[in-house]
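Subject: Handing over a structure, with notes

Dear colleague,

I am passing on the structure below, and I would be glad if you kept it open while you read the notes that follow it.

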Amino acid sequence: MGKEIIAIAEALSNERAIPRDKIFEALEIALATATKKKYQVEILVRVSIDRKEGSYDTFRRWVVVDTDGPLEKPAQEISLQAAAIDHPGIKAGDIVEEQIESVAFDRITIQTAKQVLSQKVKDAEREQVVAEQRERVGKIVNATVKKQTHDIMVLDLGNNAEAVLRRDQIIPHETYGRGDRVKVLLQEIKSEANRGPQIICSRTSPEFLKELFRIEVPEIGEDVIEIMGVARDPGSRAKISVRSKDKRIDPRGACIGMRGARVTAVSNELSGEKIDVVLYDENLAQYVTNTMEPAEVSRIIINEEDHSICIAVEEQNLALAIGRNGQNVRLASQLLGWDLKIMTENELESNLQEEVGKIVKNFTETLNVDDEFARALADAGFTNLEEVAYVDPSELLEIDGMDEETASELQNVAREALESKENAENAEGIKQLSALEGIDEELAGKLVAHGIKTGEDLAEQATDDLTDIEGLDEKKAGEIIMAARNEFWFKDSAK
């Protein structure tokens with residue numbers, strides 16, 4: 001029997017061109033499967049084949065479970081207490097084995113082994129095909145449409161490799177038939193439990209546009225021109241920003257090509273998608289101006305606090321700047337990574353005056369100064385109390401009529417106002433937190449000192465964030481966090 005197993009392993013290994021160990025693994029699984037069929041209940045079996053002699057032993061297995069109650073799978077599990085009788089020191093999760101009679105290596109077992117081996121070979125071949133494609137992830141590949149359904153299109157990549165192109169990854173209005181050639185970006189390889197690794201492709205990804213330009217523009221492939229960003233409305237319009245590492249080369253001109261040949265070639269591949277090639281600039285204001293083309297920008301105000309940019313244009317240019325259905329400003333915003341707000345010059349001026357009015361009112365109420373003095377601070381670029389309180393005094397002295405004594409007094413008043421505001425916020429925070437279950441005023445004070453000033457702040461914390469506060473262990477921290485979440489997150493949804 002041993003010689004027969006060795007002979008079968010050698011023959012299958014040579015026939016299928018796979019390692020002998022894989023053959024033996026398949027044979028062991030086949031023998032284990034045949035053994036399980038002898039029992040009326042599902043048991044765990046392990047078979048071990050001697051790689052030299054061909055003989056094999058069979059073992060029934062049980063998983064050790066730490067429980068005092070009934071076992072969920074009594075045919076496959078054993079309690080820790082029972083296992084410890086014959087195996088002192090054994091732990092939950094360990095395996096207990098007992099040798100049992102082995103099944104004969106007969107025709108049925110051989111047939112089972114062939115089925116198991118066939119599946120293993122298919123899995124190995126699929127993995128080999130996928131492994132070859134992994135090197136092409138992020139690259140454009142030529143494929144042939146093999147079949148399609150309402151949701152997906154199956155593509156033939158050659159060398160027995162198949163890929164999936166989902167409907168949402170196809171450019172709108174594109175249609176393909178079986179046997180059609182199509183260029184796609186090999187986007188990623190996903191492993192799915194039931195279907196194994198799946199090769200996913202795209203034609204709508206910004207990376208697809210990047211790779212098309214890399215192919216069409218030699219300077220990009222040679223890394224002389226760098227693509228800084230891409231924003232797409234697939235099939236309609238796109239913006240791509242570029243810069244040159246060689247000052248002698250015009251990156252925009254190189255990407256557009258002679259008489260627009262290069263950008264037209266890319267556009268044609270994308271079903272006529274219009275492409276704006278934007279010149280990248282380190283200066284954000286200039287970059288914004290370039291990105292908004294073909295609209296002309298009159299004025300730009302950058303707000304770093306909320307990561308937004310206000311852009312003013314002439315009234316006759318407003319529609320062009322916004323674009324059809326907001327397309328131009330939306331693509332520009334995606335390319336820049338900033339929230340863009342488009343308005344006319346009159347609207348911007350009105351908004352600025354309104355904002356200045358709020359700043360002036362805040363200064364007059366908190367600094368005890370008149371409108372003229374408050375407006376002078378606003379005109380000098382001061383927008384809040386923190387700036388006035390902690391700026392270098394020399395900056396205040398640049399304001400007309402400001403002397404050192406006045407500047408010093410002004411900063412003291414600003415600091416006192418900030419301190420008073422903080423004290424009021426802390427008091428309100430202590431009041432709100434101490435109203436929660438499990439929190440007294442002392443603990444609320446510690447939380448506020450830790451920067452947690454509202455119930456919402458507390459609800460957003462993790463247990464580990466609070467354990468360094470004196471008097472809070474992991475259990476207590478968890479309890480007060482849940483109290484805050486019940487009050488501020490779950491209370492309305494429970495109604």
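Before the findings, one cut-off is needed: a residue is called buried when its relative accessible area is under 20%, exposed when that area is over 50%, and partly exposed in between. Please also keep in mind that this is a predicted model.

By that cut-off Arg-262, with a relative accessible area of 22%, is partly exposed. Arg-262 forms a salt bridge with Glu-219, and the closest N and O atoms of the two are 3.2 Å apart. Since Glu-219 belongs to helix H6 (residues 218-221) and Arg-262 to helix H8, the pair ties together parts that lie 43 residues apart in sequence. Glu-219 itself is buried, because its relative accessible area is 19%.

Arg-203 is buried, with a relative accessible area of 1%, whereas Glu-269 is partly exposed at 23%.

The structure holds 21 salt bridges, and one of them joins the side chains of Asp-21 and Arg-51 at 3.9 Å, N to O. That pair links Asp-21 in helix H2 (residues 20-36) with Arg-51 in the loop between strand E1 (44-49) and strand E2 (56-65), 30 residues apart. Both count as partly exposed, Asp-21 with a relative accessible area of 44% and Arg-51 with one of 28%. Together with Glu-28, Asp-21 and Arg-51 are linked in a network of salt bridges.

Met-482 lies in helix H20 and is partly exposed, at 37% relative accessibility.

Some points concern the backbone. Glu-293 and Pro-294 are joined by a cis peptide bond with omega at about 15 degrees, and Pro-294 is found in the loop between helix H9 (284-291) and strand E13 (299-303). Arg-259, a residue other than glycine, has a positive phi near 55 degrees; Arg-259 lies in the loop between helix H7 (251-256) and helix H8 (261-269) and is exposed, with a relative accessible area of 85%. His-307, likewise not a glycine, has a positive phi of about 55 degrees, and His-307 is located in the loop between E13 and strand E14 (308-313), where its relative accessible area of 38% makes it partly exposed.

Lastly, the cysteines: the count of disulfides comes to zero. Cys-201 is buried at 0% relative accessibility, and Cys-255 is buried at 0% relative accessibility as well.

Technical notes
Residues are numbered from 1 along each chain as its sequence is written. This is a predicted model: local features need pLDDT of at least 70, side-chain atom pairs count only at pLDDT 80 or more; totals for chains, interfaces and linings use all residues. Side-chain values use heavy atoms; hydrogens and water are left out. A disulfide is a pair of cysteine sulfur atoms within 2.5 Å. Buried means under 20% relative accessible area, exposed over 50%, partly exposed in between (1.4 Å probe, protein chains only). Helices (H or I, at least four residues) and strands (E, at least two) are DSSP runs, numbered from the N terminus. A salt bridge is a side-chain nitrogen of Lys or Arg within 4 Å of a carboxyl oxygen of Asp or Glu.
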